[in-house]
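Please read this report with the structure open beside it. Each section takes up one topic.

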Amino acid sequence: MSESETRAAIDLESWVCPAPLRDAPHIVMGHGGGGAMSGELVEHLFLPAFGPAADAAMGDSAIVDLGGARLAFSTDSFVVKPLVFPGGTIGDLAVNGTVNDLAMAGATPAVLSTAFILEEGTPLDELAHVARAVGSAAMAAGVKLVTGDTKVVDSGHGDGVYLNTAGIGLVDARTEIGPQRAAPGDVVLVSGDIGLHGVAVLSCREGLEFATTVTSDTAALHGLVAAMVDTGADIHTLRDPTRGGVAATLNEIARTAHVGISVDERALPIPGEVRDACSMLGLDPLYVANEGKLVAFVGARDADAVLAAMRAHPLGARAAVIGTCVADHPGMVVARTALGGTRVLDLPIGEQLPRIC
């Protein structure tokens, strides 16, 4: 398929919704993209509606003290289309996604809940395939599925299977990890090749063929995090760059910690097939979703030890230093290009690729 044929076959206009919350009286796809519109929805609708009952942070996970134990808690919903894609399914994606949210808080995941929202008419063998993937992923991650729920919606009002998972983990006493701890001088690391999940789902969804099959990187990262913590390093911030990719994650950290971030584009581990696919489709790999990668902010003196530990782990073999945290331009992410110029990596408004997780 030529580039012109590819562009003609795909509705590119549906990938990003530019309308902000204040100008959109109805929910649009961009509100679920993890970018500026999602943030506005939380800030201007959910938090005011919740009132004093809400924690103002409302992050991917929260650390709570219960009976003297520091626990991490997280919940996530998965609406990926299609249900099965190269390298994974909505089932293992749901387990790994919640496990990773707990791991990014420095916690060892322990238990998960699973809630299935099923569309009437969904074949039972499709549901069984997803359910087996949930079980296999939970076994591989070493977590127990301890509670759950099932609901069914009318035919035509869903896409077969939606999944919600919530999880609880025990926070490592050696860690104090959070986006607010990123500080000037920190080294920014990424655990491996970026953009794989988004391109894998897109290729399956749109019937695209590339020279090699791109498979999702979906994986549980708590083992990699444990190896990093075991170095004794002072790890300031961990995040898994899912919706909105690396660029959205760096922007959220920069704004939370009120720091600037400088990224070297030449250092980014972007596989050739991802770069080629993004070039063909007009996408930026930095904004494409990942499901088995993490971004870490580590003090400069500990960076080499953490990088070595990451590269010694199977899920961090391609880890790389991609930038630094700076005092300049607080709240802004700036990339140094291969040509020696700079460009601002802004927080995306909506999402390049909706329904990606």
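## A proline in a loop

P82 sits in the loop that runs between β2 (69-78) and β3 (84-85). The model is a predicted one. In it, the peptide bond between K81 and P82 is cis, with an omega of about 5 degrees. Most peptide bonds are trans.

## Two histidines with positive phi

Most residues other than glycine have a negative phi. H258 is not a glycine, yet its phi is positive, at about 55 degrees. H258 belongs to the loop between α7 (245-257) and β10 (260-264). Is H258 buried or exposed? H258 has a relative accessible area of 63%, and exposed means over 50%, so H258 counts as exposed.

H329 is also not a glycine and has a positive phi, of about 35 degrees. H329 lies in the loop between β12 (320-326) and β13 (333-336). The relative accessibility of H329 is 27%, so H329 counts as partly exposed.

## Nonpolar cores

How many residues make up the largest nonpolar core? This core has 63 residues. The residues with the most contacts inside the core are F116, V161, L163, L250, I261, L286 and F297. Another core, of 21 residues, lies apart from the largest one and includes A103, I235, L238 and A296.

I261 can be followed in detail. Leaving out residues up to four places away in sequence, I261 touches V188, L250, A254, F297, T324, V326, H329, M332, V333 and V334.

## The chain as a whole

The protein chain contains nine helices and 14 strands. The C-alpha trace spans about 55 × 55 × 45 Å along its principal axes. A compact globule of 357 residues would have a radius of gyration near 21 Å, and the protein chain has 20 Å, so the value agrees with that of such a globule.

Which share of the contacts joins residues at least 24 apart in sequence? Among contacts between residues at least 6 apart, the share is 83%.

## Surface and charge

Of the 357 residues, 51% count as buried. The protein chain exposes about 16000 Å², and carbon and sulfur atoms supply 57% of this area.

The protein chain carries 22 positive and 42 negative side chains. The centres of these two sets are 5 Å apart.

Notes
Residues numbered from 1 in each chain as written. Predicted model: local features only at pLDDT ≥ 70, side-chain atom pairs only at ≥ 80, totals over all residues. Heavy atoms only, no water. Helix = DSSP H or I, 4+ residues; strand = E, 2+ residues; numbered from the N terminus. Rg over C-alpha atoms; globule rule 2.2 N^0.38 Å. Buried < 20%, exposed > 50% of the residue type's maximum accessible area, 1.4 Å probe, protein only. Contact = heavy atoms within 4.5 Å. Areas by Shrake-Rupley, 256 points an atom, 1.4 Å probe, with all protein chains shown as cover. Lys, Arg positive; Asp, Glu negative; His and termini not counted. Charge placed at Lys NZ, Arg CZ, Asp CG, Glu CD. Core = buried A, V, L, I, M, F, W, Y, C linked by side-chain atoms within 4.5 Å.
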